[in-house]
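Morning, everyone. Please have the structure open.

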Amino acid sequence: MLQRFSYLGLETAFEEAEFVVLPVPYSNSSGVECAREFPFEFIKQSLYTPGYDPQYNMDLNKLKVHTMDFYFPSIEPKKTIEELSFLLDYIKSKNKIPIMIGGDHSITIAAKDHYSSFLILDAHLDLFNEYMGSEHSHACVSKRLSENGTVYIWGARERELEEDLENVKVIESAKEIKEKELYLSLDLDVLDPSLVKVQTPSPNGKTFSELIEFLETINREKNIVGIDIVEGCAEPYTAQLATRILSKILIQKIISYF
Ligand SMILES: [Mn+2]
């Protein structure tokens with residue numbers, strides 16, 4: 001049987017979907033640029049992911065996921081962010097949860113105008129106002145988002161700035177988050193570099209179980225209303241692990257805890 005090039009091979013029509021995957025093969029990063037082709041590898045590997053999750057006793061075919069066509073970025077970083085912002089707005093207006101698969105972390109800036117509280121899982125603070133001459137750099141993400149809402153960062157271990165920002169909080173636990181609705185941005189470098197290949201590796205990261213447990217707590221207590229997964233290198237093992245993380249987040253969202 002022919003299989004569509006969609007996340008987990010799921011073919012929910014856009015109208016019926018609860019989740020909408022938007023693959024974004026974009027990287028504006030200097031140096032290592034291994035994330036650009038990640039969405040291709042991610043979708044490909046997702047087709048080999050077992051269709052059953054033993055941890056949650058869940059058939060992945062129950063997830064109502066639609067995968068959009070790949071977004072091909074503009075040469076202009078600003079225009080890319082604007083176009084992505086437009087797409088997020090559209091998906092959100094149809095009451096669906098957008099899931100961007102990057103690409104580098106700069107694509108998260110597109111979520112800035114559409115949400116007011118952000119949970120970022122990241123080894124880095126990304127608080128530069130400008131980086132390598134651009135305000136739309138992957139190193140400026142938290143700074144840009146903090147201009148429009150509260151930013152919580154979990155897993156940070158590269159404190160490149162000591163500046164204390166009112167809207168930015170580095171957290172250890174979900175209890176420190178006040179807001180009920182959250183946009184979730186998962187920078188794969190939050191994980192230990194022994195587990196994933198990423199654009200900017202940082203030692204002593206989280207284990208897979210620590211990440212999944214933290215996400216489960218978030219999903220129990222909060223409402224994740226938008227998601228992105230970024231900074232992973234286009235490499236089968238990393239992509240395979242990322243497809244598992246996303247399916248677990250979606251399962252955690254739809255299962256009842258009571
Ligand atoms: Mn990072």
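Cys 140 is buried, at 0% relative accessible area; buried means under 20%, exposed over 50% and partly exposed in between, with a 1.4 Å probe and protein chains only. Its sulfur is 19 Å from the closest cysteine sulfur, that of Cys 34, which is too far for a bond. A disulfide here is a pair of cysteine sulfur atoms within 2.5 Å.

Before going on, the ground rules. This is a predicted model, in which local features need pLDDT of at least 70 and side-chain atom pairs count only at pLDDT 80 or more, while totals for chains, interfaces and linings use all residues. Residues are numbered from 1 along each chain as its sequence is written, and side-chain values use heavy atoms, with hydrogens and water left out.

Which cysteines does the disulfide join? Cys 34 and Cys 233, with S to S at 1.9 Å. The structure holds one disulfide. The torsion about the S-S bond is about -45°, so the disulfide is left-handed. The pair links distant parts of the chain, 199 residues apart: Cys 34 sits in the loop between E1 and H1, and Cys 233 in the loop between strand E10 (223-230) and H5. Helices (H or I, at least four residues) and strands (E, at least two) are DSSP runs, numbered from the N terminus. Cys 233 counts as buried, at 3% relative accessibility.

Next, Ser 142, in helix H3 (residues 141-146). Ser 142 is buried, with a relative accessible area of 0%. A polar atom of its side chain lies 2.7 Å from the backbone oxygen of Leu 125. Leaving out residues up to four places away in sequence, Ser 142 touches Ile 120, Leu 125, Asp 126, Leu 127, Val 151 and Ile 153; contact means heavy atoms within 4.5 Å.

Now the metal. The manganese ion is coordinated by Asp 122 (OD), His 124 (ND1), Asp 187 (OD) and Asp 189 (OD), at 2.1 to 2.3 Å. Donors are N, O and S atoms within 2.8 Å of the metal (3.2 Å for Na, K and Ca); water is not among the atoms, so sites may look incomplete. Asp 122 is buried at 0% relative accessible area, and His 124 counts as buried at 11%.

Last, helix H1 (residues 38-46). How many of its nine residues are buried? Seven, among them Phe 38, Phe 42 and Ile 43. Their cover includes strands E1 (19-24), E4 (65-67) and E5 (97-102), and helix H5 (236-254).

Technical notes:
Polar contact = N/O pair within 3.5 Å; in protein donor to acceptor, adjacent residues only side chain to side chain.
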